[in-house]
Amino acid sequence: MSRTGSTSTLPSDPPRRWQAWFVPFVLIALTGLLLADPWPHVSPVGPAAVVPASATDMTPVRRPILKPETVVAGMTYRCSECHNLFPSPVETDRPLTQHRAIVLEHGINARCFNCHNRENRDAFADDRGGPIPFDQPPLLCAKCHGPVYRDWAHGVHGRTNGYWNPKLGPMERRKCVECHDPHNPAFKPMRPAPGPNTLRMGDRRSEAEGRSETKNPLLIYRQRLPGGDGDEAKPQRHRR
Amino acid sequence: MSEQDNQLSGPGLTRRGFFRKSAVAATGAAAIAAAVSPLRKMSPDDIPTLERFLQKHYKEMTPAEMQTALDRIAREVEHRFAVRPSLGDVKPMVGVEFVYALNISRCIGCRRCVHACVKENNLSRAPEIQYIRVLKMEKGSIDLETSDHHYDPPVVPEHDSYYMPVQCHQCAKPPCVKVCPVEATWQEPDGITVIDYDWCIGCRYCEAACPYWARRFNFAQPELAAKDLNPDMSYLSNRPRPKGVMEKCTFCLHRTRVGKLPACVEVCPTGSRKFGNVLDAASEVSYILRHKRVFVLKEEVGTLPRFFYYFDERGSRYHESVESDRATESGGGGE
C-alpha cells in the first residue's frame, strides 16, 4: 500500500464506511426477529378424516339364510310344515295373507312359483319342476341369467374372497344371494366413503367453504380457459 | 489515520477493524443460529441412526444383513407404535405374474377399496395418502379430463355416471423405474414395481413420470394411530414409511405373495375387482383376458400395464333399476 494511494482514496472512504456500519445490526435484529418465530408455520395438513367402519367392512352386503326356517314359540319349522297344512293356490303373483314383508321387484319375474317349488316347499324349482336345494341358489338363478351364471362360475362375476390361489388357501366364490336380494335383485345403492382430502388432490372442505374449484390437477385447464371455472369451459363434445 | 491506529493497538488490528470484524462475526453467528433454528423443533426420531445410514440397497443385502435391517425396523415400529410387528421380506413366487382386472360396468364408486387399502397398507391418515383414486366419469366418454374424484352424493351410483378406480398399473415397461436416479425402485419378477423406502432420496421424478398418477410422496411425517396399525408388514410394502420418500400400491405384496387377495379385492362389495396369476390358464384373470372386452388406460403411452379394465357384454349396468331401463327403451321407441 503506497502512501500516495491511501491519501488519494481517503476523502471518499468515510461516507462508504458510514453507509456500511448499520447492515450487521439490521441483520442481527432480523435474525432475532426470525428466531422469535413471529409468523409460525401453519401446516396445510388437516385433521385425519373420520372413516366409518362400514368403509372397511369386508363382509358381503347380505347375509342370506340358505336354510329358511321359521321360529314360533321356541319351535323351529321348515317351510313345508305350514305349507302342507295350508295348500297354496295353483299360481300366485303376490302374497295374500302371509309373507307381506316380501316386495317382489324382480322385473317380469313376478310369480312365486317361477322360483319356489310348488310340490316341494323346502326347495326351489328347476325348469322341469324338479327341486333345487335351498343352499344352491346359483342353480336357480342360472335358469334365466345364463351369461351371468357362466361368468360367475368362472369367477368373473361377483365377489371372490380369501385366496387367489386355491392351492394355498380357501378361495370363496360368493353366491348370488350374498349380494342380490332374490325378491329385489338390483344391487342396492350405498353411501360413498369419504373422498380424498390429500395435499395434492385437494381439500374436501374447500367445496363447503364455497370456493369454486377444488384442487384437481385434471381440471386445471378449465381455469385457464376464458370462461373461468366449471361447466362453461367444459368442452362441447362432452355435452349431450 | 489508519497508521496511527496501528501504532496504538498493535499490528493487524485497528479499533475500527476490531468493531468491523466483530460485527461480521456476530452477524455470521446469528445467521447460522437463525438457519439452524428449525432444528429446535426436530425430534430425536428424525435423525437417522448410523445403522440405517449405512444400510445397503435391498438387492445388495445378504440374508443376514436383511435380518439386521428387519430387526432395526421392527424396533423402530415398536418404539413408535408400541406394537411389535410381524415384519418380513416376502419374496416373489416362481411362475407367478400378477394381473389385475376391474369391471367398470359393475363398479359403483363406493370407495370401499380406497379405505381398505389405507387400512391394510398403513397409509398416512394426516396428511392423507391414498393409493386408489376413484374417478367419476361421464357415461359415454372416457375422457379423464372431465372426471371428478371429489364426488360426494348421498348414494352411489349416480344415474349418469360410471366410475373408474385408478391405482398403480404395475406396468411391464414402467417409466417410473426408468427415471429413478438412484435405482430405489424396480420391477420384481412377479411384475410388482416396488420401492426400497430406505434407499429413496425423495426426488419425485417417478411421480412426474407416472402417467397414471399412482405414486405418492410423504411430504410430512406419515401419521396414523397405533390402534390403526396393521402389524402384518413387509419390507417392500406396508411397513411405516419415513418422511420424504415415495410410496405406491404394491398389490399388497405381503398378502398376495402368500396367496391371499389384495385388500381392495377383498373389500369390493360388487366384486368388480379381480386379481390373479396370468400365467395360470385356469385363473380368473386369464379367463377375463381371453373372454371379456378388455382395455388398458392410456394404451398409447406404451407402458404395458398389468391392470386391465373390462366390461360386460350387455354394456349396461344391472344394478340400475328395471324402471330406468324401461324408460330408456320406451323413450328410444318413441323417437
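How many residues does the contact take from chain B and from chain A? The contact, meaning heavy atoms within 4.5 Å, takes 86 residues from chain B and 72 residues from chain A. This is a predicted model, in which local features need pLDDT of at least 70, side-chain atom pairs count only at pLDDT 80 or more, and totals for chains, interfaces and linings use all residues. Residues are numbered from 1 along each chain as its sequence is written, chains are lettered from A and ligands numbered from 1 in the order in which they are written, and side-chain values use heavy atoms, with hydrogens and water left out.

**Interface of chain B and chain A**

- The two chains bury about 6,400 Å² between them, 57% of it on carbon and sulfur atoms; buried area is the accessible area (1.4 Å probe) that two parts lose on being put together, summed over both.
- Three salt bridges are counted between chain B and chain A, a salt bridge being a side-chain nitrogen of Lys or Arg within 4 Å of a carboxyl oxygen of Asp or Glu.
- Arg191(A) and Asp152(B) form a salt bridge through their side chains, at 3.7 Å from N to O.
- On the side of chain B that touches chain A, the elements giving two or more residues include helix H2 (15-36), helix H5 (112-120) and strand E3 (133-138) of chain B; helices (H or I, at least four residues) and strands (E, at least two) are DSSP runs, numbered from the N terminus.
- H2(B) gives the most to that side, with nine residues.
- By class, that side of chain B has 38 nonpolar, 18 polar and 30 charged residues (Ala, Val, Leu, Ile, Met, Phe, Trp, Tyr, Cys and Pro count as nonpolar, Asp, Glu, Lys and Arg as charged, and the others, Gly among them, as polar).

**Salt bridges over all chains**

- The structure holds 28 salt bridges over all chains.
- One salt bridge joins the side chains of Asp122(A) and Arg78(A), at 3.6 Å from N to O.
- Asp122(A) lies in the loop between helix H4 (79-83) and strand E3 (123-125) of chain A, and Arg78(A) in strand E2 (residues 75-78) of chain A, so the pair ties together parts that are 44 residues apart in sequence.
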